[in-house]
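Here are a few notes to read alongside the model. Have a look at the fold, then go through the points below.

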Amino acid sequence: MSVLFMEYPKCTTCQKAKKWLVDNQVDFEDRHIVEQKPSKEELKQWYERSGLELKRFFNTSGQIYRQMELKDKLPSMSEEKQLELLSSNGMLVKRPLIVSENTVLVGFKEAEWKERLK
């Protein structure tokens with residue numbers, strides 16, 4: 001199974017996740033989340049496939065998220081507007097992000113990855 005691995009290379013969590021993928025021989029395509037940010041259409045598909053709330057796709061610990069005061073603004077923002085915002089800047093997207101035919105994983109939780117990617 002080949003997966004899309006969306007990462008920000010300087011992120012230590014992404015580095016750990018990438019090492020996990022290599023160590024567990026998971027075939028993946030690497031994509032820099034800032035240089036090749038996900039499109040609104042991609043994000044919409046991934047969000048719908050994931051079964052997660054859209055707010056889980058936001059990097060809530062990021063500087064941009066805090067500077068834009070999104071914690072207060074997101075609850076009243078439409079899904080459409082949230083997707084536009086996410087697609088406007090890769091640094092707003094929670095990472096790492098794994099996308100396969102039947103799985104979308106947001107963030108690195110080793111137990112979840114082991115269960116869903118093996």
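1. Phe57 touches Trp46, Tyr47, Ser50, Leu52, Leu86, Leu92, Val93, Lys94, Leu97, Val104 and Val106, leaving out residues up to four places away in sequence (contact: heavy atoms within 4.5 Å). Phe57 itself sits in the loop between α2 (40-50) and α3 (63-67); helices (H or I, at least four residues) and strands (E, at least two) are DSSP runs, numbered from the N terminus.

2. A word on the basis: this is a predicted model, where local features need pLDDT of at least 70 and side-chain atom pairs count only at pLDDT 80 or more, while totals for chains, interfaces and linings use all residues. Numbering starts from 1 along each chain as its sequence is written, and side-chain values use heavy atoms, with hydrogens and water left out.

3. Phe57 is buried, at 1% relative accessible area (buried is under 20%, exposed over 50%, partly exposed in between; 1.4 Å probe, protein chains only).

4. Arg31, in strand β2 (residues 27-32), also counts as buried, at 11% relative accessibility. Its side chain makes a polar contact of 2.8 Å with that of Glu42 (a pair of N or O atoms within 3.5 Å; within protein, one must be able to donate a hydrogen and the other to accept it, and residues adjacent in sequence count only if both atoms are side-chain atoms).

5. On to the sheet: four strands make an open, mixed one in the order β2-β1-β3-β4 (strands pair if DSSP finds at least two bridges between them). The edges are β2 and β4 (104-106), each pairing on one side only.
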